[in-house]
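Welcome to this short briefing. Please take a look at the sequence and the structure below, and then we will walk through some points of interest together.

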Amino acid sequence: MRRVAAIALHDLRRTLADRGAVMWMFLLPIVFATFFGLVTGGSSSIPADAEASLTVVDNDRGVVARDLLEDLAGQGVAVTELSPEEREASENLVRTLVIPTGFSEGVLAGETQQLRLENEPGTSEEAALVVQARIFAAITRLIGRTVEAAQGVQAPDPVSIQAFTEVVVPDDLVTVESRFAGNATTQPDGFAQSIPGMAVMFVMLVALTYGAATISAERANGQLRRLLTAPVTRAEIVAGKIGGRWIVAAAQITAFVAVGVIANRLFDVEIGDRPFQMWVVLVLFGLVVAPLGVAVGGWFKDPDRAASVGVMATMAMAAFGGCWWPIEVVSKPLKMVSLAIPSGWAMTALHGLISFGRDLTDLGPELMALAGFGVAFSILAARSLRVD
């Protein structure tokens, strides 16, 4: 085992000494994940956490109207206030809440008031429903506060502004925490898609291009034959080369997940609440592609050809495995194809952890499938790598 570890660590040192390999391992996955995360949805893919935009024309400017708007702003609604003139000139309206003149005075006097929510044509119906629900919730809280302020007031006397503003809003007696249980009705997007997708793709890319090319070069220049002059067996050489590819993948994965955790803390980037379990799945995936890289390198004596085959294999498995787009949105035949390749199982497991509220203990089929691929590719590597 010590000789196997020595071979693997030697390969890691050689890889880290190559600036090009380091760039593909650590820099480009972050760049690609950031770009595609921003393009496809931003930091949050959970509907309950989404912030909906709302333009407000406040013709009242009274204390009750201000209270309503402050409540909305604290409930995930991005409120932009415009004057009637500014609203007429604006070309970027999505939906607008119009508060009538005398709204505050009428509410405090117990009179019926009418708010008007106007949705622009072609806007998202889902977002409109979110805004409506939050407006209704804010109105309900406003009514409760007004009733509290009206204690001791004899009809038809209005509630005073002082009594309204002095009402102490108690802490919520009930809090609701929402998350997906099982399969969600929406597919992952934003960083919830780009982070696992780019992690899986670049782990494959490094193992099947740089990893395969170095194995092929070592065969061509006789390095593997010279290893046989040392006190090591062929099995130890094969295990060491697989271990070298896996240690490289583990270093790559650890750095990528660490950056994801930091981005989550600083910028609220969506990576789920189980980064360690995400790391475990990716490390297991590294054990799948490491022997595959050794096998590809063992098939070709030309390093450039080995790298080219590795690139084509990576792109195919990334596309059909759901690294570029959520596998949840493709047709059923393509979903079946994803089950024939390890990247599809890895992405299903990572989506389960990040987007669908699953736990590592819920991922038995996915983990067993990845383990099966790892065993099969290890046997393939042992048969393909010639060291004499």
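Helices (H or I, at least four residues) and strands (E, at least two) are DSSP runs, numbered from the N terminus. This is a predicted model, in which local features need pLDDT of at least 70, side-chain atom pairs count only at pLDDT 80 or more, and totals for chains, interfaces and linings use all residues. Residues are numbered from 1 along each chain as its sequence is written, and side-chain values use heavy atoms, with hydrogens and water left out.

**Helix H6**

- In H6 the buried residues include Ala128, Val131, Arg134, Ile135, Ala138, Leu142 and Arg145.
- Arg145 also has its charged end over the ring of Phe164, 4.7 Å from the ring centre; this label requires NZ of Lys or CZ of Arg within 6 Å of the ring centre and within 35 degrees of the ring normal.

**Salt bridges**

- Side chains of opposite charge can pair when their charged atoms come close.
- A salt bridge is counted when a side-chain nitrogen of Lys or Arg is within 4 Å of a carboxyl oxygen of Asp or Glu, and the count comes to 15 salt bridges.
- Glu236 and Arg3 form one of them, at 3.1 Å from N to O. Glu236 lies in helix H10 (residues 234–267) and Arg3 in helix H1 (residues 2–16), so this pair ties together parts that are 233 residues apart in sequence.
- Glu236 is buried at 14% relative accessibility, while Arg3 is partly exposed at 41%.
- Glu81 and Arg66 meet in another salt bridge, at 2.6 Å from N to O. Glu81 is in strand E2 (residues 77–81) and Arg66 in helix H3 (residues 63–73), 15 residues apart.
- Arg274 pairs with Asp273, with their closest N and O atoms 3.1 Å apart. Arg274 is buried at 13%, whereas Asp273 is exposed at 56%.
- A network of salt bridges links Asp11, Arg14, Glu218, Lys241 and Arg245.

**Aromatic rings**

- Rings of Phe, Tyr and Trp (its six-membered ring) pair if their centres lie within 6.5 Å; planes under 30 degrees apart count as stacked, over 60 as edge-to-face and the rest as tilted.
- The structure holds seven aromatic pairs. The rings of Phe276 and Trp279 have centres 5.8 Å apart and planes at 20°, so they are stacked.
- Phe276 and Trp279 are three residues apart in helix H11 (residues 275–299), separated by about one helical turn.
- Ring pairs also join Trp24, Phe32, Phe35, Phe36 and Phe202 into a cluster.

**A nonpolar surface patch**

- Met23, Trp24, Leu27, Val31, Phe32, Phe35, Phe36 and Val39 make a nonpolar surface patch of about 740 Å².
- Patches are made of residues with over 30% relative accessible area and no salt bridge, with like charges joined within 9 Å and nonpolar side chains (Val, Leu, Ile, Met, Phe, Trp, Tyr) within 5 Å. Accessible areas come from the Shrake-Rupley method with a 1.4 Å probe, and for residues only the protein chains shown count as cover.
- Phe32 lies in helix H2 (residues 19–39) and is partly exposed, with a relative accessible area of 33%.

Definitions and conventions: Buried < 20%, exposed > 50% of the residue type's maximum accessible area, 1.4 Å probe, protein only.
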